Amino acid sequence: MSALLSGTPLAGRVAVVSGASSGMGAATAERLAELGATVVVLARRKDKLEDVVKRIEAAGGTALALSVDVTDRAAVQTAANQIADRFGKADLVFNNAGVQLISGIEELKVDDWQRQIDLNITGLMNVIAAFLPHLTESAAQGKPTDLINTSSIAATRILEKFSIYSGTKAYISHLTRLLRVELGPKMIRVATIEPGMVDTELPDHVTDPDASKLMADLIHDIDCLQSADIAETIAFMAAVPRHVNLTEITIMPTAQAI
């Protein structure tokens, strides 16, 4: 995607991006910084996070890497406190950490089930719990304020062997709708993105041969989304006027039919 935004429309904002060590998270962190935001990147892989920060700083931006496992509630809260002390309260949270592990339900890969629930649901909720006070205070001060959760088209598509992953993403999509009822009147914009096939490392986690073939065929046969496409979309959602909330954005490769 060509850059749609120019200048520094996000100047003065403090953005937090989870799952920021690679893929959509890393690309979004870099784009938000390029548009003027101070960016804090969260993930477990410290070395990868440091690489993201180096790229941001080399381009003239401001960033901080915090190695955090979002499934650890106390660690996420500590990170939120560190951010407040150093930069002030966050007003843009891209809640992006997640994992995709596909298998047939009768295989009973209960460890994979639990890992997806822990990261995609519990991890997401830990980020919300830690940063909602930030967002509430920022909105009360009249600042544009965003909570953007990463879901997937799997939240609504019926795909064989995607049961647990799809269930976690359906939770995220519907949770976001419900949160808007409570937070919208406080001028906190709540949104979800539901991407189709993005050419990232996420499919590398998939070991089921049928699901792996489905994704490999899509990557081979169509012009898939790139992380930069997601990054520009997130940036646009955050840059629109404060009274505008783009609540649910489904982003598909034009040629993807499923």
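Hello everyone, and thanks for coming. Before the tour, two housekeeping notes. This is a predicted model, in which local features need pLDDT of at least 70 and side-chain atom pairs count only at pLDDT 80 or more, while totals for chains, interfaces and linings use all residues. Residues are numbered from 1 along each chain as its sequence is written, and side-chain values use heavy atoms, with hydrogens and water left out.

Let's start with the sheet. How many strands form it, and in what order? There are 7 strands in an open sheet, ordered β3-β2-β1-β4-β5-β6-β7, and the pairing is parallel. When I say strand or helix, I mean DSSP runs numbered from the N terminus: E over at least two residues for strands, H or I over at least four for helices. Two strands pair if DSSP finds at least two bridges between them. From one strand to the next, the twist averages 15 degrees. For angles, axes are lines fitted to C-alpha atoms, for helices over the stretch in contact, and the values run from 0 to 180 degrees between N-to-C directions.

Now the helices on the sheet. Helix α2 (residues 46-58) packs there, touching β2 (38-43) and β3, and its direction makes about 175 degrees with that of β3. Contact, by the way, means heavy atoms within 4.5 Å. Helix α5 (residues 163-183) lies across β5, β6 and β7 and runs at about 160 degrees to β6.

Please zoom in on β4. Strand β1 (residues 14-18) pairs with β4 in the parallel sense over 3 bridges, and Ala15 stands opposite Leu92. With β5, strand β4 pairs in the parallel sense over 4 bridges; there, Phe94 has Ile148 as its bridge partner.

Which β4 residues point which way? Leu92 and Phe94 point one way, Val93 and Asn95 the other, and all are buried. Buried is under 20% relative accessible area, exposed is over 50%, and partly exposed is in between, using a 1.4 Å probe and protein chains only.

On to the cores. A nonpolar core is a set of buried Ala, Val, Leu, Ile, Met, Phe, Trp, Tyr and Cys residues joined through side-chain atoms within 4.5 Å. The largest has 34 residues, and those with the most contacts inside it are Leu32, Val39, Val41, Ile193 and Ile230. Two or more residues each come from β1, α1, β2, α2, β3, β4, β6 and α7. Take Val39: leaving aside neighbours within four places in sequence, its contacts include Ala15, Val17, Leu32 and Leu64. There is also a second, separate core of 32 residues, including Val76, Ala80, Ala97 and Val190.

Finally, the salt bridges, each a side-chain nitrogen of Lys or Arg within 4 Å of a carboxyl oxygen of Asp or Glu. The count comes to 10. Glu232 and Arg31 form one of them, with the closest N and O atoms 2.6 Å apart. Glu232 sits in helix α7 (residues 227-239) and Arg31 in helix α1 (residues 23-34), 201 residues apart. Are these two buried or exposed? Both Glu232 and Arg31 are buried.

Compare Lys89 and Glu137, whose salt bridge spans 2.7 Å, N to O. Lys89 counts as partly exposed because its relative accessibility is 29%, and Glu137 does so because its value is 34%.

My last pair is Asp146 and Arg189, with closest N and O atoms 2.8 Å apart. Asp146 is in strand β5 (residues 146-150), and Arg189 is in strand β6 (residues 189-195). Asp146 and Arg189 are buried, and they belong to a network of salt bridges that also links Arg13 and Asp91.

That's the tour. Thank you!
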